[in-house]
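Reader: Please show me the model and its sequence, and then take me through the features that can be read from the coordinates.

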Amino acid sequence: MKGNGFTVFVMEDGSVRAKGKNNVGQLGNGTYTDSIGETRVKGINGVRAISIKEDHVVVVKKDNSVWVWGNHPLCDTKGCSNPKRIQQ
């Protein structure tokens, strides 16, 4: 799935990887550094659903918890470079 300059992949094991632009943490790897290679999104596995917007990601895990990263309104002004749990 693609956002604005970045791509997110859900792997067969339910983990998530991302690559590309990362100026607001949209790769979810704990940095704001762009990556030409795939990086694993920290702490995200067991993905049931995923939504990619222009510069952020929303994930629902199999335990029904909801996580966001990147320039999501529930993140700080720079964006979440690590996934942030927003709902149980």
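Reader: What is the handedness of the disulfide between Cys 75 and Cys 80?
Author: In this predicted model, a disulfide (a pair of cysteine sulfur atoms within 2.5 Å) joins Cys 75 to Cys 80 with an S to S distance of 1.9 Å. The torsion about the S-S bond of Cys 75 and Cys 80 is about -115°, so the disulfide is left-handed.

Reader: Are Cys 75 and Cys 80 buried or exposed?
Author: The terms rest on relative accessible area, where buried means under 20%, exposed over 50% and partly exposed in between, with a 1.4 Å probe and protein chains only. By that scale, both Cys 75 and Cys 80 are buried.

Reader: What limits apply to the values, and what is the mean pLDDT of the protein?
Author: Residues are numbered from 1 along each chain as its sequence is written, and side-chain values use heavy atoms, with hydrogens and water left out. Because the model is predicted, local features need pLDDT of at least 70 and side-chain atom pairs count only at pLDDT 80 or more, whereas totals for chains, interfaces and linings use all residues. pLDDT is the predictor's confidence in each residue, from 0 to 100. In the protein, 99% of residues reach 70 or more, and the mean pLDDT is 92.

Reader: Where in the protein is confidence lowest?
Author: Strands here are DSSP runs (E, at least two residues), numbered from the N terminus. Confidence is highest in strand 2, at 97, while the lowest mean, 90, belongs to strand 7 (residues 80–87).

Reader: In what order do the 4 strands of the open sheet lie?
Author: Two strands pair if DSSP finds at least two bridges between them, and 5 bridges join strand 5 to strand 6, which run antiparallel. Within that pair, Val 57 stands opposite Trp 69 in strand 6. The pairing in the sheet is antiparallel, and the order is 4-5-6-7.

Reader: Which strands stand at the edges of the sheet of 3 strands?
Author: The 3 strands form an open antiparallel sheet in the order 1-2-3. Strand 2 is joined to strand 3 by 3 bridges, and Arg 17 stands opposite Arg 40 in strand 3. One side of each edge strand is left without a neighbour in the sheet, because each has a single partner strand; these are strand 1 and strand 3.

Reader: Is Gly 43 buried or exposed?
Author: Gly 43 is found in the loop between strand 3 (35–40) and strand 4, and its C-alpha atom is separated by 14 Å from that of Ile 86, 43 residues apart along the chain. With a relative accessible area of 53%, Gly 43 is exposed.

Reader: What is the phi of Asn 64?
Author: Asn 64 has its place in the loop between strand 5 (56–61) and strand 6 (66–70). At 42% relative accessibility, Asn 64 counts as partly exposed. Although Asn 64 is not a glycine, its phi is positive, at about 75°.
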